Amino acid sequence: MREGASLELILEIEAYALNDLDDVARQLLLKLPDNGVIALHGEMGVGKTTLVKTLCRMMGVVDEVASPTYGLVNVYEIPGEDQASSRTIHHIDLYRLKDEEEAQEAGVFEAFEQQGLSFVEWPERISRALPDHVLLLKIEELMSENSEETFNTKRKLTLRRQIRS
């Protein structure tokens with residue numbers, strides 16, 4: 001978070017399971033802009049990539065949506081009736097990067113300057129270099145009685161926007 005900024009809550013969804021993901025994605029899509037950067041925060045395995053896959057499917061991506069862990073950036077086109085109405089989704093996974101310099105070398109920041117949405121997993125790697133208008137999406141796993149039931153484990157999602165003081 002930038003110095004002198006506070007966070008405005010845009011959306012909070014309490015206690016959802018993976019089988020609720022379509023409904024969660026529908027609610028989230030109502031709050032997301034057409035263009036911008038969404039920083040996805042959450043522990044390994046909490047469902048960040050699964051959420052992005054669901055969002056992409058619901059936005060009309062016809063290509064297979066896969067984790068960009070090894071390629072760093074996956075780009076998906078959402079066809080429109082013409083060139084002007086088509087949209088681009090960048091799915092970025094910074095897990096293997098150390099810092100902003102490696103992200104710069106990999107061309108990550110170029111995606112932020114293009115039209116469309118950029119979903120960034122592990123944004124902590126470049127926190128100082130994220131754009132001012134970034135949306136912060138956090139997924140947390142809630143305590144479960146049976147930790148082996150990943151599919152039924154409840155999660156909490158919050159979407160916040162930085163606002164300058």
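A residue is described here as buried under 20% relative accessible area, as exposed over 50%, and as partly exposed in between, with a 1.4 Å probe and protein chains only. The structure is a predicted model, in which local features need pLDDT of at least 70, side-chain atom pairs count only at pLDDT 80 or more, and totals for chains, interfaces and linings use all residues. Residues are numbered from 1 along each chain as its sequence is written, and side-chain values use heavy atoms, with hydrogens and water left out. Helices (H or I, at least four residues) and strands (E, at least two) are DSSP runs numbered from the N terminus.

A positive phi of about 50 degrees is found at A15, although A15 is not a glycine. This residue lies in strand β1, which spans residues 5-16. With a relative accessible area of 39%, A15 is partly exposed. W122, likewise not a glycine, has a positive phi of about 60 degrees. W122 belongs to the loop between β5 (117-121) and β6 (135-141), and its relative accessibility of 13% places W122 among the buried residues.

Strand β5 is largely enclosed by the rest of the structure, because 5 of its 5 residues are buried.

Two strands are taken to pair if DSSP finds at least two bridges between them. Strand β2 (residues 36-41) pairs with β5 in the parallel sense over 5 bridges, and V37 stands opposite S118 of β5. Strand β4 (residues 87-93) also pairs with β5 in the parallel sense, over 5 bridges. Here H90 is the residue opposite S118 in β5.
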